[in-house]
Amino acid sequence: MTSAEGTPAPSILSANRISKSFGEIPVLFSVDFDIRPGEVHAVIGENGAGKSTLIKILSGIEQPTSGSIGYDGQTVVLPPNGAAEARGIVLIHQELNLAEDLTVSQSIFLGREIKRFGFLDLREMRKRAHAVMEMLHVHVDPDARINTLSVADKQMVEIAKAISRDARVLIMDEPTAVLSVAETQTLFEQIRRLTARGVAVIFISHKLDEIMELADRVTVLRDGQLIATVGTEALTPDSIAQMMVGRELSNLYPPKHEPDVDAPVVLGVRNLVAAGVKNISFDLRKGEILGFAGLIGSGRTAVAEAVVGLGHRSSGDITLDGKPVNFARVAQSVDAGLAYMTKDRKGKGLLLNMGLRPNLTLLTLKKHLRFGFLDGSSEERALERATRRFDIRARDASVAVGRLSGGNQQKLMLGKTMESEPDIIIMDEPTRGIDVGTKQQIYHIIAALAAEGKSIILISSEMQEVIGLSHRVVVMREGRLAGVLEGAEITEAEIMRYAAGIKQSGHDERISA
Amino acid sequence: MSASAPDISVKPKRAFRLDLKTVGPLLALALLVLLGISLNENFLSYNNLTNVLARSSFIGIIAIGATFVITAGGLDLSVGSMAAVIAGVMIMVMNWLIPSLGIGWSVVIAGMLSGILLGGVAGVFNGLMITRGRIEAFIVTLGTMGIFRSLVTFLANGGTLSLNFSVADVYRPVYYDGLLGVPYPIIVFALVAIGGEITMRYTAFGRYCAAIGSNEQVARYSSINVDNVRLLTYILQGVLVGVAVLLYVPRLGSASSTTGVLWELEAIAGVIIGGTTLKGGYGRIWGTVVGVVILGLIGNILNLQSLISPYLNGAFQGVIIILAVLLQRGRRT
């Protein structure tokens with residue numbers, strides 16, 4: 001697919017052969033991008049494809065390693081720290097950068113307050129804030145505090161802020177991720193009003209249907225490469241999904257050891273409802289690797305945490321080896337042989353200021369008590385075992401874990417989890433941010449565990465990983481189970497269709513499959 | 001004398017960098033001892049040293065409790081006021097029991113038990129407000145600090161609560177006597193310190209304190225009952241305040257609204273000088289012992305010389321605290 005150059009309208013903002021590396025790691029390779037006044041240009045790609053880096057460069061937050069930025073027909077160097085806003089390029093972050101305790105009008109004029117005789121002209125600012133909100137047809141009191149507003153209204157405040165700054169290019173990073181359908185429609189109306197006034201909008205979304213509805217052109221990125229820039233009319237959601245994925249599986253993955261078809265169900269979850277989880281049911285069989293795919297924020301971690309007792313569970317039944325269980329605390333699930341390995345190594349997994357030994361044994365410290373006191377030599381033996389089994393490499397055991405490489409941290413965390421000798425392990429993003437060699441080691445460990453008869457739930461945002469390892473794949477979307485894939489159905493395109501909401505199965509008949 | 005402050009900051013830098021964390025407080029202590037010897041030949045005398053250590057033992061016992069609280073990422077500002085109210089209640093309980101138990105050890109022991117019990121109850125209150133009430137430790141203990149202080153003033157009716165003289169005579173040896181020439185307060189301080197060191201290093205509780213103070217989320221995800229461990233640190237702190245007070249009461253035989261004023265700050269200062277990090281995650285009991293003794297020696301040395309006014313005691317203690325924290329920060333980089 002080649003670029004569809006139709007209209008010769010001059011672009012307002014363009015990136016020319018932009019490359020970007022962080023240290024040694026290249027994340028963007030010679031990407032071209034441009035946007036014209038009044039256009040909505042969508043940027044899509046898998047997690048890690050380089051979308052965020054591209055928009056950070058386009059808004060001046062990051063400087064490209066090579067290549068140039070054109071603005072209004074001239075080659076420019078955009079000022080960092082969001083100062084490009086003054087030139088009319090405004091980035092609205094996904095997590096919205098509003099000070100929660102300020103009022104709407106204070107927020108809109110933050111950093112460029114209107115003053116009279118050196119004092120804040122509150123009346124004028126309130127008046128202008130009101131005028132902007134009127135123009136957007138948003139009915140929010142300029143004196144309302146940000147923390148009293150809904151997420152959708154907060155987004156409107158961000159847009160109002162952008163407009164009051166005479167934004168000519170508005171970059172929105174997944175603005176609809178947190179919005180309901182109705183709120184999304186309101187947002188789209190606003191965007192159409194803005195483009196009618198000549199504002200250019202760069203729009204990042206994972207939701208292909210939204211892109212089809214809103215965008216004039218679509219740019220697809222994959223692994224930091226520009227795949228294509230195409231007019232939306234020439235696209236179907238399926239063809240976008242095809243472009244986003246479509247790589248070959250390497251021999252990174254060990255051969256799959258198929259579990260017995262009639263292997264007993266070790267973990268059963270029925271109609272689980274929790275924060276961010278809407279009515280999820282699935283079964284995990286003995287010796288099975290069950291992949292959990294879906295976009296970031298689709299509720300996979302919330303399912304895991306609700307099951308093991310880390311998060312609050314509103315309703316639903318969980319069975320372990322057929323017996324109903326109800327874990328109110330993590331300690332109970334660990335004792336029952338169900339362990340959860342967090343994806344947040346540094347925030348939730350490891351004590352970064354401590355050495356290897358206390359980290360390894362923290363989950364299972366009670367095993368190392370002798371007459372009520374910690375038995376250092378028993379801990380030491382556990383560390384030796386784990387170091388050998390998981391090939392953990394550290395200068396010495398006393399080195400603070402925060403100074404280990406990501407791969408060694410991950411292996412240590414795996415060791416820590418396995419210390420509890422679980423029968424069922426839920427691994428959340430077990431290879432996030434680690435080098436490919438260590439990834440391969442971890443893949444082989446996972447496969448070996450399953451071959452031993454352990455049952456594994458593998459939550460991962462790397463689709464290849466899910467495909468390369470899993471016997472079956474659960475795809476989640478917006479807190480719901482979108483589909484369960486098996487055998488030849490497990491392909492990136494198919495997962496993407498479910499994850500992006502193009503395909504949806506009535507999951508009730510599929511769980512038993 | 002003014003040389004003592006720079007000495008402490010300069011000397012450790014010459015020491016081997018990795019060892020600094022361990023030897024820093026010990027080095028400071030050694031310097032102070034040398035300074036004391038050079039200023040006054042009486043410094044090393046048995047009477048002077050036991051006197052300094054016996055006086056330090058109240059703060060020291062409290063500071064050992066504070067080491068657990070701070071290591072687990074908490075703070076207890078109420079210990080000074082708590083000590084005062086415990087002292088007051090102990091005296092009232094003993095005076096009140098005289099008619100039924102008569103004058104003798106049974107009254108004294110009942111008083112001691114009431115002190116420890118009250119400390120435990122106060123710790124439970126602080127701990128529950130912090131863990132179950134989800135209020136910041138600083139706020140809760142700032143509140144109870146005011147409550148306890150005002151309670152003792154109220155109980156003493158603005159004046160002084162005095163222990164019955166005959167009971168005080170029975171009780172006196174607990175502070176003034178000792179075993180083999182070592183005063184009881186020092187023996188108790190040593191026992192609490194040894195117990196504390198063992199608890200911190202060789203029990204699951206000690207490890208959990210450090211884990212929680214280091215990163216509460218990691219602790220939670222590692223199936224540690226964070227609230228219960230936290231609660232336990234405040235109870236331990238309360239009980240140790242009770243222990244300190246039962247050694248303190250026989251010293252003066254009275255309690256008033258000025259009892260235990262600023263003890264919380266001295267205890268926290270001792271903990272910090274000893275190398276425990278104020279934001280939690282790392283604590284060591286022996287360091288706290290050294291820290292408390294350093295604070296005690298500063299006052300003692302100022303009293304033993306004539307160049308500098310002893311009224312500047314607080315200023316020197318303040319300088320030491322700031323230096324200790326500065327050194328801690330230097331180590332991390």
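Visitor: What radius of gyration would a compact globule of 513 residues have, and what does chain A have?

Guide: This is a predicted model. A compact globule with 513 residues would have a radius of gyration near 24 Å. Chain A has 25 Å, which agrees. Its C-alpha atoms fill a box of roughly 75 × 55 × 45 Å along the principal axes.

Visitor: What is chain A built from?

Guide: Chain A has 16 helices and 24 strands. Of its 513 residues, 45% count as buried. Now take the contacts between residues at least 6 apart in sequence: 69% of them join residues at least 24 apart.

Visitor: How many helices and strands does chain B have?

Guide: Chain B has 15 helices and 4 strands. Its radius of gyration is 20 Å, close to the 20 Å from the globule rule for 333 residues, so chain B is as compact as a globular protein of that length. The C-alpha trace spans about 65 × 55 × 35 Å along its principal axes.

Visitor: What share of chain B is buried?

Guide: In chain B, 50% of the 333 residues count as buried. As for contacts with a separation of 6 or more, residues 24 or more positions apart account for 78% in chain B.

Visitor: How do I read one face of a helix?

Guide: Start with the general idea. An α-helix has 3.6 residues a turn, so residues three or four places apart point the same way. Now look at α12 of chain A, residues 376-390. This helix has 15 residues and reaches 21 Å from first C-alpha to last, close to the 21 Å expected.

Visitor: Which residues of α12(A) are buried?

Guide: They are A:Glu379, A:Leu383, A:Ala386 and A:Phe390. Seen down the axis, the buried residues of α12(A) fall within an arc of 70 degrees, so they line one face of the helix.

Visitor: Which exposed residues does the face turned away carry?

Guide: That face of α12(A) carries A:Ser377, A:Arg381, A:Glu384 and A:Arg388.

Visitor: What follows α12(A)?

Guide: A:Asp391 comes next, with a positive phi near 55 degrees.

Definitions and conventions
Residues are numbered from 1 along each chain as its sequence is written. Chains are lettered from A and ligands numbered from 1 in the order in which they are written. This is a predicted model: local features need pLDDT of at least 70, side-chain atom pairs count only at pLDDT 80 or more; totals for chains, interfaces and linings use all residues. Helices (H or I, at least four residues) and strands (E, at least two) are DSSP runs, numbered from the N terminus. The radius of gyration is taken over C-alpha atoms; the globule rule is 2.2 Å times the number of residues to the power 0.38. A residue is buried if 20 or more other C-beta atoms lie within 10 Å of its own, exposed if 12 or fewer, and partly exposed in between; C-beta atoms are placed from the backbone. Two residues are in contact if their C-beta atoms, placed from the backbone, lie within 7 Å. The expected span of a helix is 1.5 Å times one less than its number of residues. The arc is that of the directions from the helix axis to the C-beta atoms.
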